[in-house]
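The points below may be read alongside the sequence and the coordinates.

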Amino acid sequence: MNLIPRIIPGALNNANKDAIDWNHHGHLAYGCQSTIVVLDSQSFRVLQCMEKYHDLITKVKWFPDYFYHNLEDSYSLKLASADSNGNILIWDVYKSSVQCEFRDGNKPITDMLWYACDNNPQLLLVVHSPNIVILWNTQTGTKIWRIVYDQERQKDVETFQQIIQDPFNHQRAILLGQSSLAFIEDFSPINTPSGQNRRFYISNTNNNNNNNGNKANPSSNNNGRTPSISSTSSQLTTRLKTIIEGTEHSKQDDQSSSSVVSLNDCIQILFHPMHRH
């Protein structure tokens with residue numbers, strides 16, 4: 001491994017808060033200011049420091065492990081990273097060298113995901129703020145497709161915060177927004193998606209009003225007593241059930257509905273890796 005011993009990691013910046021990822025070898029990669037640090041999670045020893053960025057690092061994502069390799073596609077410890085100015089670098093961690101570099105303007109990057117594909121594992125999905133999804137070939141640095149997911153029912157453009165892919169169906173993906181979940185069924189490593197999606201809206205209007213009422217009159221809830229554990233568990237179960245089994249409806253339906261769940265409490269979504277959906 002080509003080490004760079006002159007770099008000593010220091011304090012983090014607030015922009016580095018989402019720049020962290022852990023691979024199956026126990027290597028932890030994180031962004032420290034404009035430097036990428038790789039350390040051993042067992043010994044907490046810094047293994048590698050890589051620097052080429054001038055802006056703050058906002059995302060890092062390890063290349064997934066594959067157990068079959070040949071001479072043309074040999075194994076390498078690969079990492080994708082992005083900075084606050086929209087620059088994306090593909091690293092060879094062993095050599096501390098950049099294999100490829102590309103960008104699409106200077107819009108902030110909210111998430112990255114290695115596209116699961118049998119034919120070409122070198123594809124990277126990148127979500128640009130607010131609603132742009134791009135598929136890149138990380139070997140050539142070429143853009144395969146670019147799609148903008150508009151939201152017809154809202155005047156304000158919603159920012160997507162995360163993207164996940166169904167491990168059993170590579171065409172299916174979910175985009176987590178600020179107030180909705182967007183279900184996509186036509187992802188492809190070759191053809192540009194149609195832009196159509198099923199949108200599930202979840203509002204928190206009544207929930208906020210109830211919270212304000214409880215703060216104004218603590219005794220109105222359970223005669224001033226702290227809610228029981230069973231009550232809290234029931235509320236959590238109801239929230240999860242509504243998110244998982246949620247029905248597609250408009251924003252007007254959200255405002256008139258009495259059973260409301262706050263998506264602001266949802267910060268991450270995940271497909272079950274062993275259960276086919």
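1. How many aromatic pairs does the count come to? There are four aromatic pairs, where rings of Phe, Tyr and Trp (its six-membered ring) pair if their centres lie within 6.5 Å, and planes under 30 degrees apart count as stacked, over 60 as edge-to-face and the rest as tilted. One of them joins F63 and W114: the ring centres are 4.8 Å apart and the planes stand at 90°, so this pair is edge-to-face. Since F63 belongs to the loop between β5 (57-62) and β6 (78-83) and W114 to strand β9 (residues 109-114), the pair ties together parts 51 residues apart in sequence.

2. On the basis of the model: it is a predicted one, in which local features need pLDDT of at least 70 and side-chain atom pairs count only at pLDDT 80 or more, while totals for chains, interfaces and linings use all residues. Residues are numbered from 1 along each chain as its sequence is written, and side-chain values use heavy atoms, with hydrogens and water left out.

3. Both partners of the first pair are buried (under 20% relative accessible area with a 1.4 Å probe, protein chains only; exposed is over 50% and partly exposed lies in between): F63 has a relative accessible area of 14%, and W114 has 7%. A second pair is formed by F102 and W136, with ring centres 4.5 Å apart and planes at 25°, so it is stacked. F102 lies in strand β8 (residues 97-103) and W136 in strand β11, so parts 34 residues apart in sequence are tied together. F102 and W136 are buried.

4. F63 has a further neighbour. K78 lies over the face of F63, 4.9 Å from the ring centre; a charge sits over a ring if NZ of Lys or CZ of Arg is within 6 Å of the ring centre and within 35 degrees of the ring normal.

5. Which residues does F187 touch, leaving aside its neighbours within four places in sequence? Its contacts (heavy atoms within 4.5 Å) include Y115, L125, W145, H170 and P193.

6. The strands (DSSP runs of E, at least two residues, numbered from the N terminus) include an open, antiparallel sheet of four in the order β13-β14-β15-β16. Strands pair if DSSP finds at least two bridges between them. At the edges, β13 (162-165) and β16 (198-201) each pair on one side only. Within the sheet, four bridges join β14 (residues 173-176) to β15 (residues 180-184), and I174 stands opposite F183.

7. Elsewhere, β11 (residues 132-137) and β12 (residues 142-148) are antiparallel and share six bridges. I134 has R146 as its bridge partner in β12. Their hairpin has four residues between the strands, and G141 takes a positive phi near 75° there.

8. Finally, I7 is found in the segment before β1 (20-22) and is buried at 15% relative accessibility. Beyond its neighbours within four places in sequence, I7 is in contact with T35, C49 and E51.
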